[in-house]
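Biologist: I'd like to learn how to read disulfides in a model. Could you walk me through it?

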Amino acid sequence: MAGLCGVQVLLLWAGVTLANTPPVSPPPLCSYTVTPIKFGLQIDITSSPPGLYAIKINEVGQQETGKTFNADFGQTSSHDITHLKPCTEYEHYVMFNDGTDGQTPCSSTEHKTRTFSMSQSDIKDVSNTSPCVPGSVCYWSKWDISSSMSTSDHITAQSCTSDSKIFCIKPAFNDICSDLTTTFTSGNCSSFRLTRNITVGFLIPSDINSTVQPKLPAEIDTTLPSQCHLTTDYTCQENGQIKELSELEPFTDYSCIGHIKDMNNDTIINTTDIPVRINCDLQIIKKETSATDASIHLSWTTTSTNCPEVLPTLPKLSYDCSCSSAHNKPKLSVFKDPPGGSCEIKGLEPWTDYTCTVQPKYNNKPEGTSAEVRQKTAPGKPDKVPPLSLFTPENNEIKVTCDRPKDFRGPDMTFRARLYAGGDSQELLKEVEKNKCEFEFKDLSYLTTYRVEVTVFNGKHESDPVMEHVDTKCTCSFN
């Protein structure tokens, strides 16, 4: 009896539980069909509840090209997806968002559909109106033509950042003034071609290369499309002054512009700014020197490999001449003479080794390569010897000594002593030369006044004399 009661209790509880559990709804049923339309696909929802649906499509075999579109099929039962690639097979999936975290896939008889082929009328040439890629041939289409365009030069089409329906091909530089043919191909469908004449208007300044030749008279070579009949004239500016190429000076910064002209001599486009500076390679050759005891004379010839024609006509070309020794400050002389010249540096010390430099200058600024030459000045007049020391070691004998002069200014040093009769007499009694200032005059008269003069000779010049008077003695006994 107790067992029967327990069974009744369990059944009772089960009945209560089943009565309180809400009925489980079956998953919503949805289905869709896909129909190719011009420029894309149309998704039609059939036998499906209203709500939000996610539509996923991608090219067959190209998962990375997948796109997802959200559509509300409460108001309409179809959704158009355009700007797809023509003649291309797409995979497609539709998911119903039932309001929970999950999505319910919808069924379809086919999950792959191919788009229609493209016709020439689907393409519009917008090259003249599109600002997307300057100097390019641009085509607009409601089809995705990103991979449909090709040229014989294998130029890659560029998308327009401001309009996803425009793709542009930038002609090669030498395609300008010719025809550019673009082939439009889509999958296995037939292709067609569009040809556009690339006029000189497609030439843009940033694509023009100009090369400045490093020489004077100045030359600029501008590369132009090979199939165009164009010429280039140039004007240059320096501090607001307009100059022709033939007027340009060396060592000067200019900003030049090329004016590109057609066969009618009309300017159709200008180049970007062309910086121009011609540095003439000034070289100083045939250096010659000569010297006096107080100056050095330099002469030279100036050459230039890249400016030989204009070198003799440069009014702002000058030279700094300077000579310096190891112990003296440089002496400077400025000489102006374009083709070369000479200069003389004065105020130098005699018999001194100097390093002399010739520095070209243009517009008072050092330019080019300086040249050095070494030269010794000629001997000069020696300094006088210091005061003499005179002795009479014997009554009729005179001994003379002196120190070396401060500067003998020559290659040799010979001391000369001359003995004269007393007073201002010019009667030369004896003359002696020695390498040292030590002289003896013997067998002289007793009790006599003599005049002694000493000079130094450097092989070229003799110094002023240093003079002293001296009296001989006598130790005499008179009977």
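Modeller: Happy to! Let's begin with a term we will need: a residue counts as buried when its relative accessible area is under 20%, and as exposed when that area is over 50%. Please keep in mind that this model is predicted.

Biologist: Thanks. And what is a disulfide, in general?

Modeller: A disulfide is a covalent bond between the sulfur atoms of two cysteines. This structure holds ten disulfides.

Biologist: Let's take Cys402 and Cys437: are they buried or exposed?

Modeller: Both Cys402 and Cys437 are buried. Their sulfur atoms sit 1.7 Å apart in a disulfide, and the link is right-handed, with 115 degrees about the S-S bond. Cys402 lies in the loop between strand 32 and strand 33 and Cys437 in the loop between strand 34 and strand 35, so the pair ties together parts 35 residues apart in sequence.

Biologist: What is the handedness of the disulfide of Cys280 and Cys307?

Modeller: The torsion about that S-S bond is about -90 degrees, so the disulfide of Cys280 and Cys307 is left-handed. Its sulfur atoms are 2.0 Å apart. Cys280 is buried, at 4% relative accessible area, and Cys307 is buried at 1%.

Biologist: How accessible is Cys132, which a disulfide joins to Cys160?

Modeller: Cys132 has 22% relative accessibility, so it counts as partly exposed, whereas Cys160, at 6%, counts as buried. The S to S distance of this pair is 1.6 Å, and the link is left-handed, with -65 degrees about the S-S bond.

Technical notes
Residues numbered from 1 in each chain as written. Predicted model: local features only at pLDDT ≥ 70, side-chain atom pairs only at ≥ 80, totals over all residues. Heavy atoms only, no water. Disulfide = S-S within 2.5 Å. Buried < 20%, exposed > 50% of the residue type's maximum accessible area, 1.4 Å probe, protein only. Helix = DSSP H or I, 4+ residues; strand = E, 2+ residues; numbered from the N terminus.
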